Amino acid sequence: TAGINHPRLLDAVANHIVQSGSLDRFKPQALSNTVWAYATAGINHPRLLDAVANHIVQSGSLDRFKPQALSNTVWAYATAGINHP
């Protein structure tokens, strides 16, 4: 990582993703990278993490995730301390 954390930018990006409803355009790897980046930066954005989790579960797209993307996604939620019902 670059070691630079910009919470306002990450908050703005997360809000944009959630408000635009654009998760359908994200490929599984992009979803995984997104939640991984927030967890790595130590930025907990519950609305984004909840929206991504709901999208993955409701879209039935888990079979499209490669093993590394799945493990990164699970790691991100565990690191963020998010329990998704």
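The model is predicted, so local features need pLDDT of at least 70 and side-chain atom pairs count only at pLDDT 80 or more, while totals for chains, interfaces and linings use all residues. Numbering runs from 1 along each chain as its sequence is written, and side-chain values use heavy atoms, with hydrogens and water left out.

I start with H2 and H4. Helices here are DSSP runs (H or I, at least four residues), numbered from the N terminus. The axes of helix H2, residues 28–41, and H4 come within 8 Å and cross at roughly 30°. Axes are lines fitted to C-alpha atoms over the stretch in contact, and angles run from 0 to 180 degrees between N-to-C directions. H2 and H4 are therefore roughly parallel, a term that covers angles under 35 degrees, with over 145 counted as roughly antiparallel. H2 passes H4 in a left-handed crossing, meaning that the near helix is turned anticlockwise from the far one by less than a right angle. The contact (heavy atoms within 4.5 Å) includes Val 35 and Trp 36 of H2 and Trp 75 and Ala 76 of H4. Its residues divide into seven nonpolar, six polar and no charged. Nonpolar means Ala, Val, Leu, Ile, Met, Phe, Trp, Tyr, Cys and Pro; charged means Asp, Glu, Lys and Arg; the others, Gly among them, are polar.

Next, H1 and H2. Helix H1, residues 7–20, packs on H2 at about 150°, with the axes 12 Å apart. The two are therefore roughly antiparallel. Leu 10, Val 13, Ala 14 and Ile 17 in H1 meet Thr 34, Tyr 38 and Ala 41 in H2. By class, that is six nonpolar, one polar and no charged residues.

For H3 and H4, the axes come within 12 Å and cross at roughly 145°, and the crossing is left-handed. On the H3 side are Leu 49, Val 52, Ala 53 and Ile 56, which meet Thr 73, Tyr 77 and Ala 80 in H4.

H4 gives the most to the lining, with four residues. The lining has nine nonpolar, three polar and no charged residues.

Notes:
Parallel < 35°, antiparallel > 145°, perpendicular 65-115°, else oblique.
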